[in-house]
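Biologist: Could you take me through this structure one part at a time? I would like to begin with the core.

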Amino acid sequence: MLLVPCPHCGPRNSADMSYQGEASSRPDPSSTTPTEWREYLYMKHNPAGWLRENWYCSSGCRRFFTVERHTVTSEFREPPLPGSKTPRPTGDGADPARGAP
Amino acid sequence: MPVRLSAVIRRSLAKRRLAPRYSGAGLLWRGVRNSSWPRVWREPPLKKSYDVVVIGGGVHGLATAYYLAANHGITDVAVLDKAYLGSGGSGRNTAIVRSNYLTPEGVAFYDRSLELYNTMSADLNLNVMFSERGHLTLAHTDSAVRTMRWRAEVNKLQNIDSSVIGPAEISRIAPSLDTSPNTRYPILAALYHPPGGTIRHDAVVWAYARAADAHGVDMHQKTEVIDITCEGGEGPDGKGPGAKVTGVCTSKGDVSARVVINCTAGWAGLIAAMAGLKLPITTHPLQAAVTEPVKVFLPTVVVSGSLHVYVSQTDRGELVFGASVDPFATYDMGGTLDFTEELAGHVLELMPAVSEMRLLRQWAGLCDITPDYSPVMGFTPVEGFLCDVGWGTYGFKAGPVSGEQLAKCVAEQATPELISPFALSRFDSGMLVGEKGAAAVGH
C-alpha cells in the first residue's frame, strides 16, 4: 500500500487518507472569467511524473496537506513541514512535468 | 476522383493479399493439409505522410480506422501504438458489455454499441465469442434499489430490456449468490439486463485490425508518438487552442497528417499536452483478477456497486473479477495486496461457496476518468486534432460505436448527434452528462 507522508502523523496508509487531487489555487470567484473557472474546476495536468497534490488525513489528524508524488514510481519527495501548504524546496530545480503551481 | 480510384485499387489489392475468409471448411482444409495460416495483418514501413493518423491501437483506435476505411472510403490511415495492438485497456478489461445506463444519452449510445457487437462476428468474419448471458446489478441498500428502479424506467423508455427483480428471482437466475437476509450487505433487489454479456476482448481487437488491414489501413506497432506538430496556435511552438495539426513525431520518424485522433485512454492527457491542450482527465488504475478454472456455475454477469466488485465466468471456467478504480491518480500498473484482500472479502460476501478457489493472477489497466464519468469525443480547440478519450472504466463496451461515430465525425467534418453530448465544449457550457451512478463501478 502507498505510504503517504502526513506532516503531522508521519507515514500513513493511503487507505487512512482521502485523495483530493491535483493542487491548484482557486481563482477569486468574484472576478474570475468562466474560462478560468472551468480551468480550475475541470482541467488537469495529469502528468506522468512529479505531481503536486492534496491529501486529507481523514483517519488521523484530519488536516489537509500538499505533497509531491511521482505518478509512475509512486515515490514522494521530501514531506512538507507541519502547517505549511507547500512542500519543502528540494533544490533539484523545476520539473517541467510537475503539476499546477 | 483519382484519389478515390487509387484507394479502390489499393483496397482490392490489399484484399487479394489477405488470408482467405475464416470458415469451418477452411479450418478443416488447413487441418487436413497441415498448412500454416498466413499473417493476419501486414507490417508496412511507416510512410512520410498519411491523411489520418490514429494514436492508440486499441478497440477504439482500430474501430475508428476500420470505419473510416469501410464506411467512408478514407483508407490513407495509420494506426500507431507504442506497444502491441490491444496492449492497453482493450486487453485488460473484464470484457463485459451492457447498455443499461442512467442517462438517455448514455443509453442510446451503448445500445448502438451492443447492436454492433451483436453482428460483429459476421460483419468482420472473426468469432468474437459474444455470450449474451444477462447482467445482474445487485442493490444492497434502499437508495441503491431506488437508483435501480430509476435506471430501469430510463431503460424501458428507450426500449432496452431491463427490469428490477427480487431475491427469489435472483437466486433462480444465479443460485450461487447468497440472497439470505443474514449477510452484512443483504441483496435486496437487482437490475436484470438480459442483453448484457461478455465478449472475448482480444478477438475484438484482432477482428478490427484484420478488417482495417483488408481495407488498406496501415498499423504500426512499437511506434511511440513523441510529439504532435501544430501551427498557428496561441501556445509555444504554435500549439494550443486555435492551432492546426500538421503531423506527429514518432520513434520511427516524422509523419505529416491532416487529422490526428487521440485514442489513448489512460495516456490521453499526455498526448493532448503534446498538442498544447489540457483535458478534464485524471489517470487511475483499475485492477482485475482471475481465478483457476472450475466447472461452469455462474450463468450471468454479476455486479455489486456497494461491494465494488463485478464477477463473470469465462468460457474456460475461470472467474474474472474487477473492482473500482484505485483512489489516487497514478500511471503505475502494479497490483496491490489491499486490492486482493478487499476483492476476496467482497466476493465471499456474495458467493461464500468459492472460498477455496485460488487466484491465478491479477493485473491493472489505466483508466482516463472525467469529472462526470462520460467520455470526451470529437473536435477540440486544435483543428484536425480529435479526441476519443475519457472512457474511464467502460471504454470496451463502447468501442465499436465510438469508432463508427468518430469516423463519421472525421469524414463529414461535423459532430454526429449520438456523440454531441460528449463534446469537450460541455465543460465550457456546464452541460455535463452525469453517469457516475451507472458507470463508476457498475460493469
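Modeller: The conversation below goes from the core to the sheets, then to the contact between the chains and a loop. Please keep in mind that this is a predicted model.

Biologist: Which residues touch the most other members of the largest nonpolar core?
Modeller: They are V52(B), V53(B), L62(B), Y66(B), V77(B) and Y208(B), in a core of 128 residues. Helix α3 of chain B, residues 59-72, gives the largest share of this core, nine residues. As a general point, nonpolar side chains tend to be buried together in soluble globular proteins.

Biologist: What is V77(B) in contact with, leaving aside its neighbours within four places in sequence?
Modeller: Its contacts include Y50(B), D51(B), V52(B) and V54(B). A65(B), L68(B), A69(B) and V217(B) are also in contact with V77(B).

Biologist: And which residues does the second, separate core include?
Modeller: That core has seven residues, among them V4(A), C6(A), M17(A) and V67(A).

Biologist: Back to α3(B). Is the helix mostly covered or mostly uncovered?
Modeller: Mostly covered, as 12 of its 14 residues are buried. Among them are G61(B), L62(B), Y66(B) and L68(B).

Biologist: How far apart are the end C-alpha atoms of α3(B)?
Modeller: They are 19 Å apart. At 1.5 Å a residue, the 14 residues of α3(B) should span 20 Å, so the two values agree.

Biologist: What follows the helix?
Modeller: G73(B) follows α3(B), and its phi is positive, near 70°.

Biologist: You mentioned β11(B). How many bridges join β1(B) to β11(B)?
Modeller: Six bridges, and the two strands run parallel. Within that pairing, I55(B) has N262(B) as its bridge partner in β11(B). N262(B) also has a bridge partner in β18(B), namely C387(B). β11(B) and β18(B) are parallel and share three bridges.

Biologist: What about β10(B) and β11(B): parallel or antiparallel?
Modeller: Antiparallel, with four bridges between β11(B) and β10(B), which covers residues 244-250. One of the pairs is G247(B) with S256(B). The two strands are joined by a hairpin through two residues.

Biologist: New topic. What is the order of strands in the open sheet of eight strands?
Modeller: The order is β5-β6-β4-β13-β14-β15-β12-β16 in chain B, and the pairing is mixed. β5 (163-165) and β16 (359-369) of chain B stand at the edges; each has a single partner strand, so one side of each is left without a neighbour in the sheet. From one strand to the next, the twist averages 20°.

Biologist: How do β4(B) and β6(B) pair?
Modeller: They pair in the antiparallel sense over five bridges, with β4(B) at residues 135-139 and β6(B) at residues 189-193. H135(B) stands opposite H193(B) there. Helix α6 of chain B, residues 142-157, packs on the sheet and touches β4, β5 and β6 of chain B. The direction of α6(B) makes about 25° with that of β6(B).

Biologist: What is the strand order of the open sheet in chain A?
Modeller: Three strands in the order β3-β4-β5, with antiparallel pairing. The edge strands of chain A are β3 and β5 (64-70), each of which pairs on one side only. Neighbouring strands are turned by 35° against each other on average, direction ignored. Four bridges join β3(A) to β4(A), residues 50-56, and G21(A) stands opposite N54(A).

Biologist: How many residues does each chain bring to the contact between A and B?
Modeller: Chain A brings 16 residues and chain B brings 19 residues. On the side of chain A, β3 (18-22) and α1 (34-41) each supply at least two residues. That side divides into eight nonpolar, six polar and two charged residues.

Biologist: One last item: where is P38(B) found, and in which loop?
Modeller: P38(B) is in the loop between α2 (24-33) and β1 (49-55) of chain B.

Biologist: Why does P38(B) count as exposed?
Modeller: P38(B) has 9 C-beta neighbours inside 10 Å, so it counts as exposed, the cut-off being 12 or fewer. P38(B) and T137(B) are 99 residues apart in sequence and 43 Å apart in space, C-alpha to C-alpha.

Technical notes. Residues numbered from 1 in each chain as written. Chains lettered and ligands numbered in written order. Predicted model: local features only at pLDDT ≥ 70, side-chain atom pairs only at ≥ 80, totals over all residues. Core = buried A, V, L, I, M, F, W, Y, C linked by C-beta atoms within 7 Å. Buried ≥ 20, exposed ≤ 12 C-beta atoms within 10 Å, placed from the backbone. Contact = placed C-beta atoms within 7 Å. Pairing = 2+ DSSP bridges. Axes fitted to C-alpha atoms, helices over the stretch in contact; angles between N-to-C directions. Nonpolar A, V, L, I, M, F, W, Y, C, P; charged D, E, K, R; others polar. Expected span 1.5 Å × (residues − 1).
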